[in-house]
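Student: Hi! Could you walk me through this structure? I'm new to it.

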Amino acid sequence: MAVNLLTLLATTFVLTLVPFSAGNKVGRDLTLTIFNNCPYSVWPAIQPNSGFSVLEKGGFLLPSLTHRSFLAPYTPWSGRIWGRTGCSYNHRRNQFTCATGDCGGRLECGGLGGKPPVTLAQFSLHNGRNDLASYGVSLVDGFNVPMTVTPHQGKGVCPVVGCQANLLASCPPKLQVRQPRDGTVVACMSGCQAFGTDELCCRNRYNSPATCRPSFFSQIFKKACPSTFTYAHDSTPSLLHECASPRELKVTFCP
């Protein structure tokens with residue numbers, strides 16, 4: 001269901017593509033930093049929107065209390081970042097798997113998406129004449145790890161957004177995803193994932209801002225994490241921020 005936000009980001013990009021050529025730098029260098037403040041390892045994954053390049057091979061290991069920084073493309077780019085948890089490698093089977101966010105059993109996702117429920121950070125970089133970075137954090141596809149996005153040295157609308165609460169502890173039983181081995185709650189589904197109704201998934205006659213409304217389940221997420229998207233047409237408060245020429249965008253797990 002997060003595709004609606006990504007469509008919005010992609011639309012913004014298309015409308016502002018004309019001023020740039022593929023060989024020119026846009027604005028200043030922009031660093032993306034991913035920091036793992038969790039007391040356990042996280043395997044960040046990066047998926048570009050269609051037509052954009054894969055960054056950092058699409059995924060890597062980030063042990064507890066470590067970070068990884070890399071330059072964003074100089075030309076417009078949009079996509080998503082999420083954290084995979086509970087990952088392990090079976091040497092006998094040559095198989096890499098994650099309890100949450102798995103991208104087809106690969107360490108380096110290479111452009112593949114992650115299996116929900118996952119907390120998503122979504123970006124559209126180097127937009128328009130003012131070199132805008134748009135960003136948001138979405139729980140539309142559920143929740144697996146606390147996450148924030150922090151801009152540094154930008155101008156304009158540049159708030160810190162995301163979800164600092166650990167929703168695994170308060171996830172309603174019907175939304176819980178549990179680890180088969182020991183029953184530990186590893187993720188919290190959205191109402192759409194849990195029940196699959198058109199109303200909860202904002203499909204068919206519910207697929208418009210007028211008919212896609214907050215649900216009991218999305219309101220649980222919104223109450224805990226008000227600066228996140230929690231359902232497909234969520235627009236209150238304004239959550240898609242435009243920050244002019246930030247030097248760094250920092251994604252933090254377990255802020």
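**Pocket and disulfides**

Tutor: Happy to! The largest pocket has a volume of about 340 Å³. A pocket here is an open set of points on a 1 Å grid where a 1.4 Å probe fits, with protein on both sides within 12 Å along at least five of seven lines. The volume is the space filled by probe spheres set on the points. This is a predicted model: local features need pLDDT of at least 70, side-chain atom pairs count only at pLDDT 80 or more, and totals for chains, interfaces and linings use all residues. Residues are numbered from 1 along each chain as its sequence is written, and side-chain values use heavy atoms, leaving out hydrogens and water.

Student: New topic: how many disulfides does a search of the whole structure find?

Tutor: The search finds 8, a disulfide being a pair of cysteine sulfur atoms within 2.5 Å. One of them joins Cys-38 to Cys-254, with 1.9 Å from S to S. Cys-38 sits in the loop between β1 and β2 and Cys-254 in the segment after β15, so this pair ties together parts 216 residues apart in sequence. Strands are DSSP runs (E, at least two residues), numbered from the N terminus.

Student: Are Cys-38 and Cys-254 buried or exposed?

Tutor: Both Cys-38 and Cys-254 are buried, meaning under 20% relative accessible area with a 1.4 Å probe, protein chains only (exposed is over 50%, partly exposed in between).

Student: And what about Cys-158?

Tutor: Cys-158 counts as partly exposed, at 24% relative accessibility. Its disulfide partner is Cys-243, which counts as buried at 0%.

Technical notes
1 Å grid on protein atoms, 1.4 Å probe; cavity = no way out; pocket = protein on both sides within 12 Å on 5 of 7 lines; lining within 4 Å. Helix = DSSP H or I, 4+ residues; strand = E, 2+ residues; numbered from the N terminus.
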